[in-house]
Amino acid sequence: MTSDGRPTAVDEAGEAARPRKAPARKAQTRAIVLPETMTVQYLAEVLDLSPIDVIKQLMRNGIMASMNQVIDYQVATLVTTAEGIRTSMAEAPTAAKPPVAEGAAAKNSATLTVRPPVVTVLGHVDHGKTSLLDYIKSSKVADREVGGITQHIGAYQVESNGQPITFLDTPGHAAFTAIRARGARVTDIAVLVVAADDGLMPQTLEAINHAKAAEVPIVVAINKMDLPGADPEKVKRQLSEQNLLVEDWGGDVISVDVSAKTGAGIDNLLESILLVAEIAELRSDPSKPAQGTVIEAKLDRKRGTSATVLVQDGTLKIGDFIVAGSAYGRIKAMTDDQGKAVTSVPPGAPAEVLGFGSMPEAGDQFTVTNNEKDARSRAGEGDKSHGARPGQTRALTLEEVVNQVDTDAVKELNLVVKADVQGSVEAVRGALERLVDEDAKVRILHSGSGAVTESDILLASASEAIVISFSIGSEPSAERLADRMGVEIRHYNIIYQLIDDVEKALHGMLDPVYTEIIVGRAEVREVFEGRRGISIAGCRVSEGRMIKNGNVRVVRGGTVVEDGTIASLRHFRDEVNEMNAGTECGIILQGYNDYQEGDILEVHRQERGRR
């Protein structure tokens, strides 16, 4: 035990033991009775453990299982023995568990299978992203890159404990967001690489914000642990300041100490990725026609157009007709990430395909069609969109947000905030975060000092956000990209104007408030029988005015007995549009004849106002 009460024991895998809430379980004197078979979730409930802890313990024993998977008594004892809990097997299976097992069996049907997780590696430049992947897949990608820095997107697949994992190596968070900006949800897990001797840097913070905006789980890899100046506790403290609390500190974010140079901790990292994937229960149907996302595309003079694709559902085969955006063709050949020719690609796997007639764009979502005619037709629809990609969204302007008082579509105002210096960033961010309402709030996706960059625009486009610039300009390339993607950049030099505009937008997101206005009242003095059995109420207007076609309710003894519309309003024999206070009139309500003397007719309307 440390001075603050945290355990320091290390398990067999070298991973710091997670603090247990109830260590007193090991002192139990009675045995827990378990059935012959049970689900992992049931075992966790009986042992009063988190399902994550149970899955972890099974993985340490080489058993991969999801929460709904059925295990037998012998497997369950591996967990109970590690927890110091004595068990015995029941003589007959418990009747309470078959519904759970049946539900799990229904979910894991013959056509729905587990697919590999897709992992994106993010982080600051030179913190070891590509070197980490190099070690994992035992290749030397960094040696082939200009200056050792990744200049393109690559997709690779590796195996850990017999289970495949697909990695996307990106040149930082910008490409990660560029794909998502076109409507593609590619990544299942984001691995955040942080150098232990350097800590969190500006690009690291941006990567965190991009991963949060994409709403994907984060696994932290604290790299360069082999260096003398490595300080993982400093990294964990900095992560906690970004609302990422690691498991060692009582949070739910998995962090692993690794070294891309020596390979230390790599197995633990892969195990953690598989654990997160098990919890997410990633499923796909390999029997369907393939669909997925284009990761990158290039034109080769000898081979023609080639595209790296990620199959997300179904199985991609040679001879399939494929369409992505405005590009289409028939697959002539496919190679896996090792350059080996393949005839089919299962869900969750990447491949390079040949056969597109023109070049698709990164982020285009591809589908397989029945024939070339269908592929050509869908590609033609992509051409008619004038460059707009399927699924691509356009961020709202501040005026459009203000005018959303008629809708309830938006309840959260997404902002990207940039300022000249960090002090201004903190001041603006603090002022905006204080603009709260019970039904609407400001959500700052990213904030930082310096000019507005293309990365900021990509993040705003992907998240339908507005870019707020305070006392700083924008890069010309960012301005052009914002204009092309429909992202609004608002420049301010006075903080009060900035706050006022955002506050107006925030109020515009709220549901409208309606106030009822009583336009006029009239008392029924006498009831006349008209033609065709229609009753006419002879009234005197006591206040306000009565309006033809106005909404009116009949109040009798303080109780509303009818709410309808004035179909006819007469002064003697003349049809009129309105009658003012102090005058007498005849009133006919649409579909109502049951008037009584003394009834009060109230004309009312709803008036919209702001909160």
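Reply: The model is a predicted one. To compare two helices, an axis is fitted as a line to the C-alpha atoms of each, over the stretch in contact, and the angle is taken between the N-to-C directions.

Me: OK, so at what angle do helix 7 and helix 13 cross?
Reply: The axes of helix 7 (residues 202-214) and helix 13 (residues 454-463) cross at roughly 15° and come within 11 Å.

Me: Parallel or antiparallel, then?
Reply: Angles under 35 degrees count as roughly parallel, and helix 7 and helix 13 are therefore roughly parallel to each other. Their crossing is left-handed.

Me: Which residues meet there?
Reply: On the side of helix 7, E206, H210 and A213 take part, and they meet S455, L459 and S463 of helix 13. Sorted by class, this contact has 2 nonpolar, 3 polar and 1 charged residues.

Me: New topic: how many helices and strands are in the chain?
Reply: The chain has 15 helices and 33 strands. Of its 611 residues, 47% are buried.

Me: And what about the surface?
Reply: The accessible surface of the chain is about 29,800 Å², and carbon and sulfur atoms account for 48% of that area.

Me: Let me pick V524. Where is it?
Reply: V524 belongs to strand 26 (residues 513-529).

Me: Buried or exposed?
Reply: Buried means under 20% relative accessible area, so V524, at 1%, counts as buried.

Me: What does V524 touch?
Reply: Apart from neighbours within four places in sequence, V524 is in contact with A537, G538, C539, Q596, E597, G598, D599 and L601. As for C585, its C-alpha lies 9.7 Å from that of V524, while the two residues are 61 apart in sequence.

Me: How do contacts look across the whole chain?
Reply: Taking contacts between residues at least 6 apart in sequence, 71% join residues at least 24 apart.

Me: Last topic: backbone angles. What is the phi of S471?
Reply: The phi of S471 is near 60°, which is positive, and S471 is not a glycine. Most residues other than glycine have a negative phi. S471 sits in the loop between strand 24 (466-470) and helix 14 (476-485), and with a relative accessible area of 28% it is partly exposed.

Me: And F572, what is its phi?
Reply: F572, which is not a glycine, has a positive phi of about 60°. F572 is in the loop between strand 29 (559-571) and strand 30 (574-575).

Me: Is F572 buried or exposed?
Reply: The cut-off for exposed is over 50%, so F572, at 74% relative accessibility, counts as exposed.

Conventions. Residues are numbered from 1 along each chain as its sequence is written. This is a predicted model: local features need pLDDT of at least 70, side-chain atom pairs count only at pLDDT 80 or more; totals for chains, interfaces and linings use all residues. Side-chain values use heavy atoms; hydrogens and water are left out. Axes are lines fitted to C-alpha atoms, for helices over the stretch in contact, and angles run from 0 to 180 degrees between N-to-C directions. Helices (H or I, at least four residues) and strands (E, at least two) are DSSP runs, numbered from the N terminus. Angles under 35 degrees count as roughly parallel, over 145 as roughly antiparallel, 65 to 115 as roughly perpendicular and the rest as oblique. A crossing is left-handed if the near helix is turned anticlockwise from the far one by less than a right angle, and right-handed if clockwise. Contact means heavy atoms within 4.5 Å. Ala, Val, Leu, Ile, Met, Phe, Trp, Tyr, Cys and Pro count as nonpolar, Asp, Glu, Lys and Arg as charged, and the others, Gly among them, as polar. Buried means under 20% relative accessible area, exposed over 50%, partly exposed in between (1.4 Å probe, protein chains only). Accessible areas come from the Shrake-Rupley method with a 1.4 Å probe; for residues, only the protein chains shown count as cover.
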